[in-house]
Amino acid sequence: MEENIHHTGIVLSVKDTTAKVQIVQSSACAACEAKAMCVSTESKEQLIDALMLEPLQPGDRAEVIIRERLAWKAVLLGYIMPFVVMVAVIAVLTLATSLNEAVTGTIALCATAVYYLILRLFRNRLEKQFSITARRA
C-alpha cells in the first residue's frame, strides 16, 4: 500500500475544482514543549493549489494529500538532478578542456539554469503527474 503525506490547513479561495490551501509548515523544534525557552523555533506558511475531492469553501479546514512517491520524485527533479547536471558539467569541462575555474563554474551554473528552464517548459505535464488533492479535515 502506498503511503501518503498529509497536511492540514485552511482553504483561502476556491476556483472551479481547485482550492488554494494555506498550511503551516513547522520544524521539529516548533512542536517542542520547550520552544518558549529556545530561539530556534521555525515555521512558515505555504500556499498549495490542490484538486478538491469534495466541495470546499473558503475558511474550511482541509487536509492536503500527496503520495509519498511523488514527493520523492519532486525532490529528485528539483534538487538532485540539477546538482548532478552541475557536477557532470564541471567534471567534463575540467577533464576535457583547459578552461579556468571561473569559466567552468559559470558554464556549470548556466547549464543548471537551462535545466530549470526545461523543467519550466514541461510544467503543465508535471502538474498532471504531481496531483495534490484536498478534502475536508
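Which residues is Leu-99 in contact with, leaving aside its neighbours within four places in sequence? Leu-93, Thr-104 and Ile-107 are the residues in contact with Leu-99 on that count, where contact means heavy atoms within 4.5 Å. The legends below take up this loop residue and several other places in the chain.

This is a predicted model, in which local features need pLDDT of at least 70 and side-chain atom pairs count only at pLDDT 80 or more, while totals for chains, interfaces and linings use all residues. Residues are numbered from 1 along each chain as its sequence is written, and side-chain values use heavy atoms, with hydrogens and water left out.

**View 1. The whole chain.** The chain has three helices and five strands, arranged along the sequence as β-β-β-β-α-α-α-β. Helices (H or I, at least four residues) and strands (E, at least two) are DSSP runs, numbered from the N terminus. Of the 137 residues, 21% count as buried; buried means under 20% relative accessible area, exposed over 50%, and partly exposed in between (1.4 Å probe, protein chains only). Among contacts in the chain with a separation of 6 or more, 72% are between residues 24 or more positions apart. The chain exposes about 10000 Å², and carbon and sulfur atoms supply 62% of that area. Accessible areas come from the Shrake-Rupley method with a 1.4 Å probe; for residues, only the protein chains shown count as cover.

**View 2. The loop at Leu-99.** Leu-99 lies in the loop between helix 1 and helix 2. The relative accessible area of Leu-99 is 40%, so this residue is partly exposed.

**View 3. Helix 2.** Helix 2 covers residues 101-121, 21 residues in all, and reaches 30 Å from its first C-alpha to its last. This is close to the 30 Å expected at 1.5 Å a residue, the expected span being 1.5 Å times one less than the number of residues. Thr-104, Ala-108, Thr-112 and Tyr-115 are buried in helix 2. Seen down the helix axis, the buried residues fall within an arc of 80 degrees, so they line one face of helix 2; the arc is that of the directions from the helix axis to the C-beta atoms. Helix 1 (68-96) is included in what covers these buried residues. On the face turned away from the buried side are the exposed residues Ala-102, Leu-109, Leu-117, Arg-120 and Leu-121.

**View 4. The largest nonpolar core.** This core has 11 residues, among them Val-11, Val-21, Ile-48, Met-52, Val-64 and Ala-134. A nonpolar core is a set of buried Ala, Val, Leu, Ile, Met, Phe, Trp, Tyr and Cys residues joined through side-chain atoms within 4.5 Å. Strand 2 (18-26), strand 3 (43-52) and strand 4 (61-67) each supply at least two residues of the core. Leaving aside its neighbours within four places in sequence, Val-64 is in contact with residues including Ile-5, Val-21, Ile-48 and Ala-134.

View 5. Asp-60 lies in the loop between strand 3 and strand 4 and counts as buried, at 18% relative accessibility. Its side chain reaches the backbone nitrogen of Gln-57 at 2.7 Å. Asp-16 is in the loop between strand 1 (4-15) and strand 2. Asp-16 is exposed, with a relative accessible area of 69%, and has a positive phi of about 55 degrees although it is not a glycine.

Conventions
Polar contact = N/O pair within 3.5 Å; in protein donor to acceptor, adjacent residues only side chain to side chain.
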